[in-house]
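Have the sequence and the 3D view open as you read.

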Amino acid sequence: MRILILGNSLTFANDLPGMLAKLTGAQVVHHTRGGARLSEQLNPKTRLGAQTQAALSREHWDYVVLQEMSHGPFSSPDRFFASVEQLCAQIRAAGAVPVLYATWAYRKDCPKLAAKGWSYEEMARSMAEACRTAARENGALLADVGQRFYQLADTLNLYAADGVHPSEAGSRLAAETIAAAIQTHKENKS
């Protein structure tokens, strides 16, 4: 099994791709850059986009995981929805299954929330709704990591010190959630 992950530092932090490979037994490749948006993965004029477009058209993938920039589904929903739609169409045309890696709101006490004038509740609700809608409208599997963060953040230290990125436990939870979405799909297919 081959899995391609398109994302940014929320994906490469703590070697989430390596964790996912161990959980699934798959070869996991990631096309990531800190701060990257999914729209960049579509743009063949960028280094990341050229790499992704070549991989989608020339290589075999079983699953392609999509992870948007940390606040993209909340701050730029139209751009997020358009990118997910285009990437899901490309992924299915290449014979793979799209998986939306739904991320989380910034930690409740994160200075970035206050600096942007956002509330945790508003960001969490909007992120969750946008990701569920994008997955449903595009027939993508949903790895609802954000929901798991909201359920467990009071009992586990899931955030790195910056309140944005995942801690090692947060990355492990993300890898487990993505692996579970893929495993459930594989079992339902057989």
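Which strand gives the most to the lining of the largest cavity? That's strand β4 (residues 97–102), with three residues. Bear in mind that this is a predicted model.

## The cavity

The structure holds one cavity of 30 Å³ or more, and about 30 Å³ of space lies in the largest cavity. Around that space you'll find Glu68, Met69, Pro73, Phe80, Leu100, Tyr101, Ala102, Thr103 and Cys131. Sorted by class, the lining comes out as seven nonpolar residues, one polar and one charged.

## α6 against α8

Two of the lining residues, Phe80 and Cys131, turn up again where helices α6 and α8 meet. Helix α6 (residues 77–93) packs on helix α8 (residues 120–138) at an angle of about 35°, their axes 10 Å apart. The crossing is right-handed.

On the α6 side, the contact uses Phe80, Phe81, Val84, Glu85, Cys88 and Arg92. Facing them from α8 are Ala130, Cys131, Thr133, Ala134 and Asn138. Split by class, this contact has seven nonpolar, two polar and two charged residues.

## α2 against α10

Next up is helix α10 (residues 168–189), whose axis comes within 9 Å of that of helix α2 (residues 16–24). The two axes cross at roughly 45°, so α2 counts as oblique to α10. This crossing is right-handed.

From α2, the residues involved are Leu16, Met19, Leu20, Leu23 and Thr24. They meet Glu168, Ser171, Arg172, Ala174, Ala175, Glu176, Ile178 and Ala179 of α10. The class tally for the α2 and α10 contact is eight nonpolar, two polar and three charged.

## α9 against α10

Helix α10 also packs with helix α9 (residues 145–152), at an angle of about 130° and with the axes 9 Å apart. That angle makes α9 oblique to α10. Here, too, the helices pass in a right-handed crossing.

Val145, Arg148, Phe149 and Leu152 are the α9 contributors, while α10 brings Gly170, Leu173, Ala174, Thr177 and Ile178. The α9 and α10 contact divides into six nonpolar residues, two polar and one charged.

How values were computed:
Residues are numbered from 1 along each chain as its sequence is written. This is a predicted model: local features need pLDDT of at least 70, side-chain atom pairs count only at pLDDT 80 or more; totals for chains, interfaces and linings use all residues. Side-chain values use heavy atoms; hydrogens and water are left out. Axes are lines fitted to C-alpha atoms, for helices over the stretch in contact, and angles run from 0 to 180 degrees between N-to-C directions. Helices (H or I, at least four residues) and strands (E, at least two) are DSSP runs, numbered from the N terminus. Angles under 35 degrees count as roughly parallel, over 145 as roughly antiparallel, 65 to 115 as roughly perpendicular and the rest as oblique. A crossing is left-handed if the near helix is turned anticlockwise from the far one by less than a right angle, and right-handed if clockwise. Contact means heavy atoms within 4.5 Å. Ala, Val, Leu, Ile, Met, Phe, Trp, Tyr, Cys and Pro count as nonpolar, Asp, Glu, Lys and Arg as charged, and the others, Gly among them, as polar. On a 1 Å grid over the protein atoms alone, a cavity is a set of points where a 1.4 Å probe fits but cannot get out, and a pocket is an open set with protein on both sides within 12 Å along at least five of seven lines; lining residues have an atom within 4 Å of a point. Grid points are joined across faces, edges and corners, and a volume is the space filled by probe spheres set on the points.
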